[in-house]
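Here is a brief report on a protein model. Please look over the sequence and the fold before reading on.

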Amino acid sequence: MQKSLKKYFPVFALPTVAAFCVSFLIPFVMGLYLSFCKFTTIKKVSFVGIKNFVAIFADEGFLNALWFTVKFTVVSVITINVLAFVLAYILTRGLKGTNLFRTTFFTPNLIGGIVLGYIWQIIINGVLKYFDVTITYSAKYGFWGLVILMNWQLIGYMMIIYIAGIQNIPKDLIDSAAVDGAGRLKTLTNVTIPMVMPSVTICLFLTLTNSFKLFDQNYALTDGAPNGETQMLALNIFKSFYNTSGSKGTGQAKAVIFFLIVGVIAFIQLVATRNKEVEN
Amino acid sequence: MNISAWAAAAVAVAAGVAVIVVLRLISKRFKAARNGILYVVLSAVAVVFLAPVAIILLNSFKNKLYILDNPFSLPDSTTWTGLDNYIEGVGKTGFLSAVGWSFFITIVSVGVIVLCTSMCAWYITRVKNRFNSFLYYLFVFSMIVPFQMVMFTMSYLASKLHLSNPYGIVFIYLGFGAGLSVFMFSGFVKSIPVDIEEAAMIDGCSPIQTYFRVVFPILRPTAVTVAILNAMWIWNDYLLPSLILDTTKYRTIPIAVQMLRGSYGAVDWGHMMAMIILAIVPIIVFYLTCQKYIIEGVVAGAVKG
C-alpha cells in the first residue's frame with residue numbers, strides 16, 4: 001500500500017504542509033534570526049549579535065512582567081486545581097442532579113478572553129467603588145482581579161478532567177478500602193488521590209501553560225495599568241512590537257526567551273508523563 | 001449595596017458556615033442532611049458562577065451614565081434605557097457583520113482543518129520514511145511554540161502573500177491548527193489496523209477512495225474532538241485576526257468588542273454590556289445543544305494534547 005500511496009503527497013499532505021510553512025515554520029525561523037537584529041520594519045534589518053538579549057535583561061518592564069507572570073501562574077495553578085478538585089470530589093459522590101451543576105461550572109470556559117476581561121473589569125470596579133478606587137489604582141488589585149478571573153474561567157474545565165479521573169477509579173478498589181475499615185478521609189488520601197494522579201499532572205500543566213501564556217484577559221482587564229505594573233509577559237512582548245517607535249528587535253528577543261521558558265515547561269511535562277507511563 | 005450591606009453579607013456567610021459546621025456535627029449519620037448541605041454549597045457556587053453574566057445582563061439595559069455608579073443595582077425608571085444600548089452598540093461596532101465573519105471564519109477554518117489535517121496525518125503515518133517522521137515531529141514541536149514568537153513575522157508574511165482577508169486567514173488557521181490536529185489524528189490512525197485499508201485497495205479502491213470510504217469514517221470520533229477544540233479556539237481568538245485582518249473592513253466578534261475601548265480609553269459601558277451579552281449568546285446556544293460532544297471533546301483533547 002505504501003508504494004501506491006506514496007505519490008499522493010500533493011493531494012494528502014501538501015495543503016497542510018504549505019499552510020504550516022507559511023504560518024509557522026518560515027515565521028519561526030525568521031523570528032529566530034530577527035531576534036539578533038535591529039529593525040523597525042522587515043525591509044531595514046541590521047545584525048547586532050546578542051545585543052537585544054543583553055538589553056532585555058536590563059529592561060525593568062520586562063523583568064517586572066516576568067516576575068508578575070511567575071507569581072500569577074503559581075497562585076492561579078494552586079487555587080484553580082484545589083478548588084476544581086474539591087468540586088469534582090463533591091460532584092462524584094452520587095448526588096442527584098449533578099449534571100446541571102457540571103454544565104453551569106463549565107460554561108465560563110467557553111467565553112473568550114477579551115469578553116471575560118471586560119465582564120470582570122465592570123464587576124471588580126463595582127466592588128472597589130465602595131473603597132473609592134478602581135482596578136487600575138494599584139497593581140495588587142489587577143493581580144487579584146486576574147487570579148479571580150482565571151479561577152472563574154478554568155475551574156470548570158479542570159473539574160471536568162478531575163471528574164473523568166475519579167470516575168475511572170475501579171469501584172471495587174473503593175469498596176475494598178471500605179471493607180478494610182478505611183474511613184472517608186482515609187479513602188480520599190490513600191485511594192482516590194493516588195489514583196487520579198494522571199489527571200493531576202494533566203491539569204497542572206494545562207493551568208500552568210494557560211496562565212503563563214495569558215494575553216487576552218490581561219489586555220482587556222487592566223492593559224498593564226498602572227504603569228505597566230500588571231503586564232504579563234505576552235502583553236509586554238506585544239507592546240514592544242506594536243507600541244514602540246524604536247527597534248522591534250528587543251520584542252523578538254523577548255519572544256525567544258518566552259518560547260524557551262514555555263519549551264522548558266513542556267519538556268518537564270513530557271518527562272513527567274513518560275515517568276508515569278513507565279510506572280504503570 | 002453599600003458597606004453595611006457587605007457587612008451583612010459577610011455575617012450571613014459566617015452564619016451559613018456555622019450552620020453547616022453544626023449540622024455536620026449533628027448529622028454524621030444522616031446522609032440526607034449531609035446531601036442537603038452539599039446542595040446548598042453547590043448552589044452557592046453555581047450562583048457565583050452565574051452572577052457575573054447576570055450582572056452584565058442587568059446593566060445592558062441601563063443608561064451608560066449609571067452603570068459605573070453601581071453595577072449591582074437593579075435597573076429602575078431613571079436608569080432603564082430598554083434596548084438602546086443594543087441598537088446603538090450594534091450600529092457603532094458593525095456587530096452584525098462581525099457575527100457573520102466570525103461564523104464564516106470559524107466554520108470554514110474548522111472544516112478545512114478537519115479535512116486537510118486528517119488526510120495529512122493519515123499520509124505521514126502510513127507512508128513511513130525519514131521526511132514524514134521529521135514532518136510529524138515538526139508538527140508536534142509547533143504545539144509548544146507560543147504565538148508571540150511568530151506573531152510579528154507571520155503577520156508580515158501574511159500581508160506580503162495577500163492573506164489579510166477572511167479567506168486568507170483560513171489558510172493561516174490551517175497552518176496554526178495543524179500541530180494539535182495532526183498530532184491527534186496520527187495518534188488515532190496508529191491504532192487502526194492497516195489490513196482494512198489494504199483490503200480496500202486490493203478490491204480496487206484508489207488511495208483517495210480508500211481514504212473517504214474507509215479511513216475517514218473510522219476517524220470520525222477524533223474528527224469531532226478536533227473540530228470542537230479548533231472551533232472554541234478560533235471563535236474566541238482575538239490577537240491573530242486583529243493582526244492579520246484589515247479591521248476597518250473585516251471584524252470578528254472579539255475585535256468588535258475590543259474596538260469599543262476606543263483609542264483614548266473612554267469606554268461606552270452601556271454599549272459594552274450589550275455587546276458582551278450578544279457575544280455570549282451564540283456560545284451558550286452552541287454549548288447547550290452540543291454539550292455532550294463539547295465536554296467529551298475537551299476531556300479527550302486534554303488527555304491527548
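## The interface between chains A and B

This is a predicted model. In it, 89 residues of chain A are in contact with 97 residues of chain B. The two chains bury about 8600 Å² between them. Carbon and sulfur atoms account for 79% of that area.

Polar links are also present. Two salt bridges are counted between chain A and chain B. The count of residue pairs in polar contact between these chains is 16, both residues being at pLDDT 80 or more. One salt bridge joins the side chains of B:D69 and A:K129, at 3.9 Å from N to O. A network of salt bridges links A:D223, A:K239 and B:R261.

## Salt bridges within the chains

Over all chains, the count comes to seven salt bridges. One of them pairs A:K254 with A:D59, with the closest N and O atoms 3.2 Å apart. This pair links distant parts of chain A, 195 residues apart. A:K254 is in helix α14 (residues 249-279), and A:D59 is in the loop between α4 (51-56) and α5 (60-91). Are the two partners buried or exposed? A:K254 is buried, at a relative accessible area of 4%. A:D59 is partly exposed, at 26%.

In chain B, B:E197 forms a salt bridge with B:R126, and their closest N and O atoms are 2.7 Å apart. B:E197 lies in helix α9 (residues 194-202) and B:R126 in helix α5 (residues 95-126), so the pair ties together parts that are 71 residues apart in sequence. Both B:E197 and B:R126 are buried.

## B:D268 and its partners

B:D268 also takes part in a salt bridge. Its side chain meets that of B:K64 at 3.6 Å, N to O. B:K64 lies in helix α3 (residues 64-67) of chain B and B:D268 in the loop between α12 (253-259) and α13 (269-289), so this pair ties together parts 204 residues apart in sequence. B:K64 is partly exposed, with a relative accessible area of 45%. B:D268 has a relative accessible area of 12% and counts as buried because the cut-off is under 20%.

Which backbone nitrogens does the B:D268 side chain reach? One is that of B:G270, at 3.0 Å. Another is that of B:H271, which lies 3.2 Å from a polar atom of the B:D268 side chain. Leaving aside neighbours within four places in sequence, B:D268 is in contact with B:K64, B:K92 and B:L260.

## Helix α2 of chain B

Helix α2 of chain B covers residues 31-59, 29 residues in total. From its first C-alpha to its last it reaches 42 Å. That is close to the 42 Å expected at 1.5 Å a residue. Where is the kink in α2(B)? A kink of about 40° lies at B:L50, shortly before the proline B:P52.

That proline, B:P52, is one of the buried residues of α2(B). Others in the buried set include B:R34, B:I37, B:L38, B:L42, B:A46 and B:F49. An α-helix has 3.6 residues a turn, so residues three or four places apart point the same way.

## A:I161 in helix α8 of chain A

A:I161 is found in helix α8 (residues 139-167) of chain A. Its relative accessibility is 3%, so A:I161 counts as buried. Not counting residues up to four places away in sequence, A:I161 touches A:S199, A:I202, A:C203, A:L206 and B:A302. A:F212 is 51 residues from A:I161 in sequence and 20 Å from it in space, C-alpha to C-alpha.

## Backbone details in loops

A cis peptide bond joins A:A225 and A:P226, with omega about -5°. A:P226 is placed in the loop between α12 (216-221) and α13 (233-242) of chain A. A:N227 lies in the loop between α12 and α13 of chain A. Phi of A:N227 is near 55°, a positive value in a residue other than glycine. A:N227 is exposed, at 76% relative accessibility.

B:H162 is not a glycine, yet its phi is about 60°. B:H162 lies in the loop between α7 (147-160) and α8 (168-190) of chain B. With a relative accessible area of 65%, B:H162 is exposed.

Definitions and conventions. Residues are numbered from 1 along each chain as its sequence is written. Chains are lettered from A and ligands numbered from 1 in the order in which they are written. This is a predicted model: local features need pLDDT of at least 70, side-chain atom pairs count only at pLDDT 80 or more; totals for chains, interfaces and linings use all residues. Side-chain values use heavy atoms; hydrogens and water are left out. Helices (H or I, at least four residues) and strands (E, at least two) are DSSP runs, numbered from the N terminus. Buried means under 20% relative accessible area, exposed over 50%, partly exposed in between (1.4 Å probe, protein chains only). Contact means heavy atoms within 4.5 Å. The expected span of a helix is 1.5 Å times one less than its number of residues. The bend at a residue is the angle between axes fitted to the seven residues ending there and the seven starting there. Buried area is the accessible area (1.4 Å probe) that two parts lose on being put together, summed over both. A salt bridge is a side-chain nitrogen of Lys or Arg within 4 Å of a carboxyl oxygen of Asp or Glu. A polar contact is a pair of N or O atoms within 3.5 Å; within protein, one must be able to donate a hydrogen and the other to accept it, and residues adjacent in sequence count only if both atoms are side-chain atoms.
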